[in-house]
Amino acid sequence: MSYNTSAAGSGSRNTTRTFEFGRTHVVRPKGKHQATIVWLHGLGDKGSSWSQLLETLPLPNIKWICPTAPTRPVAIFGGFPCTAWSDAGDISEDAPDDLEGLDASAAHVANLLSTEPADIKLGVGGFSMGAATALYSATCHIFGQYGNGNLYPVNLSAIVGLSGWLPCSRTLRNRMERSDEAARRAASLPILLCHGSGDDVVAHKHGEKSAQALSSAGFRNLTFRSYNGLGHYTIPEEMDEVCNWLTTRIGLEGPRS
């Protein structure tokens, strides 16, 4: 699936970027379908890597949708193309934000969720840049619009971010203070963030600062978990935390024994 986005340049000239998303992998629920979560991979990865892991989790009531990001030039790799949800010149919450890329990816996620049944709870999760995109989707949900002002169409019930960071963190608090409705939504949205202290790709301090920025902006239903010595990958203990948290926070039936 492709998305076209237009940005006004100097004078009357417009520039258009087209984002071609890769293959989407779906893990069907093994029990009663209660929730659907779009899970976003990290930089340079693909959806199938995570669908294989998510299929093994003891969460029979969740449908997992694992899309693949567009292949695009990425500044942090000197312009070398790889799968990425947005461009990145640096991996941290203080780096410049590629709003056009973030909006296109958030719109792709929302589109994947928009056809789910009305009684199904919806969520977004991810790893590394996928976690950053999940958190960006969370801000789109609470403001009711993308960064470009277009309407955000889905209601999210859970956000999970592993080894990631918060895009647009510098402006979040000021935007929140201007909207009572956004503050209400933020206060009730469950978010789980996990980060390893030994992460040498997205430093633990970036995850911690992102959690602090969300908390100070009014995201009161936020859990931040640190894992001593964990690098830029996941481990069974972290995925156990995700399973238990999802089961509790969005009211799923208990994990299988």
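**Ground rules**

I note that this is a predicted model, in which local features need pLDDT of at least 70 and side-chain atom pairs count only at pLDDT 80 or more, while totals for chains, interfaces and linings use all residues. Residues are numbered from 1 along each chain as its sequence is written, and side-chain values use heavy atoms, with hydrogens and water left out.

**Entry 1: salt bridges**

I began with charge, since side chains of opposite charge can pair when their charged atoms come close. I took a salt bridge to be a side-chain nitrogen of Lys or Arg within 4 Å of a carboxyl oxygen of Asp or Glu, and the structure holds seven salt bridges.

Arg170 is in one of these, for its side chain meets that of Asp97 in a salt bridge of 3.4 Å, N to O. The two residues belong to distant parts of the chain, 73 residues apart, with Asp97 in the loop between strand 7 (80–83) and helix 2 and Arg170 in helix 4 (residues 169–177). For such names, helices (H or I, at least four residues) and strands (E, at least two) are DSSP runs, numbered from the N terminus. Asp97 is partly exposed as well, with a relative accessible area of 26%.

I then looked at Glu116, which forms a salt bridge with Lys63, where the closest N and O atoms are 2.9 Å apart. Glu116 lies in the loop between helix 2 and strand 8 (121–127) and Lys63 lies in strand 5 (residues 62–66), so this pair ties together parts that are 53 residues apart in sequence. Both Glu116 and Lys63 are buried.

The salt bridge between Glu181 and Arg185 has an N to O distance of 3.2 Å, and both residues lie in helix 5, four residues apart, which is about one turn of the helix. Glu181 counts as partly exposed at 37% relative accessibility, and Arg185 counts as partly exposed at 26%. I also noted a network of salt bridges that links Glu181, Arg184 and Arg185.

**Entry 2: how helices pack**

I next looked at pairs of helices, with axes as lines fitted to C-alpha atoms, for helices over the stretch in contact, and with angles from 0 to 180 degrees between N-to-C directions. Angles under 35 degrees count as roughly parallel, over 145 as roughly antiparallel, 65 to 115 as roughly perpendicular and the rest as oblique.

The axes of helix 2 (residues 99–113) and helix 3 (residues 129–143) come within 10 Å and cross at roughly 80°, which makes helix 2 roughly perpendicular to helix 3. Contact means heavy atoms within 4.5 Å, and among the residues that make it here are Leu99 and Leu102 of helix 2 and Tyr136 and Cys140 of helix 3.

Helix 3 also packs with helix 5 (residues 180–188), at an angle of about 130° and with their axes 8 Å apart, so helix 3 is oblique to helix 5. His141, Ile142 and Phe143 of helix 3 make this contact with Ala182, Arg185 and Ala186 of helix 5.

For helix 4 and helix 6 (residues 204–217), the axes come within 9 Å and cross at roughly 10°, which makes helix 4 roughly parallel to helix 6. The residues in this contact include Leu172 and Met176 of helix 4 and Ala213 and Leu214 of helix 6.

**Entry 3: cysteines**

How many disulfides does a search of the whole structure find? It finds zero, where a disulfide is a pair of cysteine sulfur atoms within 2.5 Å. The sulfur of Cys168 is 8.3 Å from the closest cysteine sulfur, in Cys140, and this is too far for a bond. Cys140 is buried, with a relative accessible area of 1%, and Cys168 counts as buried at 15% relative accessibility.

**Entry 4: Thr223**

My last entry is on Thr223, whose place is in strand 11 (residues 222–227) and which is buried, with a relative accessible area of 9%. Leaving aside its neighbours within four places in sequence, I found Thr223 in contact with Ile191, Leu192, Leu193, Trp245 and Arg249.

Methods:
Buried means under 20% relative accessible area, exposed over 50%, partly exposed in between (1.4 Å probe, protein chains only).
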